[in-house]
Amino acid sequence: MRIILSRKGFDSTAGGCPSPIFPDGRMLSLPIPDKGSPIAYQDLSFGDMNVGDLVVELTGDAKRSRHFAHLDPDLRADSLPRLPGWKPLLGQTGSAQGHLRKQGVQAGDVFLFFGSFRPVEQTADGWRFKRTERARHIIWGWMQIGRFHKVDELPGDEMRWARYHPHFAYSRDASNTLYESADRLVIGGAHTHAQGAGVFTHFDQRLVLTAPESTAQASWRLPSFLAPVDGRSQLSYHGDERRWRVVGDECLLNSVARGQEFVFDTQGQDAPVQWILSLVEASSSSK
């Protein structure tokens, strides 16, 4: 099994700000802008909130509500009205998809989606980021691959429930790939009670990648199984050993500034399995 740490959602470059952590601990990863998507921010819901209104308040740009959003990965069933048979999806293309292919990513592998998050507070003018809080990289969702499809090869009458997805709106591209979630999360050969994909709805310290003492969100604290072995990093894009430092049963990583998909082959180790199970536990215990 491979674990893919997958960077998704608003940040200083894409969207212009972090995604919000609300006072009750709820987290919402804001999808990045995408002029080619058929989905506008104002089409999306988060509980009783309209995501378009939220984006306007957090960015200060009144036009953003009508802008189009790259809802990808699409993990929350209640974001949009759905057709029967809907499943969580992730699309990938270009060099990022090429990296996943070269790394041998396949059915059964698990994406852990992370992004930049910062606490917000409600004011008379709407939601604002708390000035005293900083942005951190936090894991906000997961998806175990059930199947994947080359979008250009799908017959026109197949996967009608998925045709809203932004990757169906793109021009022909042989690398355009759609990953479909497994029904249930199966880790280490054991069936869990968790869905094959979902979001970590509430903040939990176990989900935070940024090291607690760091002022740079790209400085991570990770379980030690991710550390280099015999001087070789097992996490793609992080081959420079100088980025790593082992501290007890954890390791510190100066993660790369860009790149979307960082792949780690667990090679049958139990520690990665236990890590994922602890994250899923965070999902159920922190609500």
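The legends below describe close-up views of a predicted model.

In this predicted model, local features need pLDDT of at least 70 and side-chain atom pairs count only at pLDDT 80 or more, while totals for chains, interfaces and linings use all residues. Residues are numbered from 1 along each chain as its sequence is written, and side-chain values use heavy atoms, with hydrogens and water left out.

View A. Lys-8 lies in the loop between β1 (2–7) and β2; strands (E, at least two residues) and helices (H or I, at least four residues) are DSSP runs, numbered from the N terminus. With a relative accessible area of 8%, Lys-8 is buried; buried means under 20% relative accessible area, exposed over 50%, and partly exposed in between, with a 1.4 Å probe and protein chains only. The Lys-8 side chain makes polar contacts with the side chain of Gln-260 at 3.2 Å and with that of Glu-261 at 3.0 Å. A polar contact is a pair of N or O atoms within 3.5 Å; within protein, one must be able to donate a hydrogen and the other to accept it, and residues adjacent in sequence count only if both atoms are side-chain atoms. Leaving out residues up to four places away in sequence, Lys-8 touches, among them, Ser-29, Asp-72, Pro-73, Phe-113, Phe-114 and Trp-140, where contact means heavy atoms within 4.5 Å.

View B. The bond from Asp-72 to Pro-73 is cis, and its omega is near 5°. Pro-73 sits in the loop between α1 (51–59) and β5 (89–92). Both Asp-72 and Pro-73 are among the residues that Lys-8 touches.

**View C. Helix α1 and its buried side.** Val-51, Gly-52, Leu-54, Val-55 and Leu-58 are buried in α1. They cover an arc of only 160° around the axis, so they lie on the same side of α1; the arc is that of the directions from the helix axis to the C-beta atoms. These buried residues pack against β2 (19–21), β3 (45–46), β4 (49–50), β6 (110–123) and β7 (126–129). At the start of α1, a side-chain oxygen of Asn-50 comes to within 2.8 Å of the backbone nitrogen of Gly-52. Gly-60 follows α1 and has a positive phi, near 75°.

**View D. A three-stranded open sheet.** The open sheet has 3 strands in the order β13-β15-β14, with antiparallel pairing. Because β13 and β14 stand at the edges with a single partner strand each, one side of each has no neighbour in the sheet. Direction ignored, neighbouring strands of this sheet are turned by 25° against each other on average; the axes are lines fitted to C-alpha atoms, for helices over the stretch in contact, and angles run from 0 to 180 degrees between N-to-C directions. β13 pairs with β15 (residues 250–254) in the antiparallel sense over 5 bridges, two strands being paired if DSSP finds at least two bridges between them. Trp-220 stands opposite Leu-253 in β15.

View E. Asp-230, although not a glycine, has a positive phi of about 50°. Asp-230 is in the loop between β13 (219–223) and β14 (244–247), and is exposed at a relative accessible area of 78%. Gln-267, also not a glycine, has a positive phi of about 50°. Gln-267 belongs to the loop between β16 (261–265) and α3 (270–285) and counts as exposed at 59% relative accessibility.
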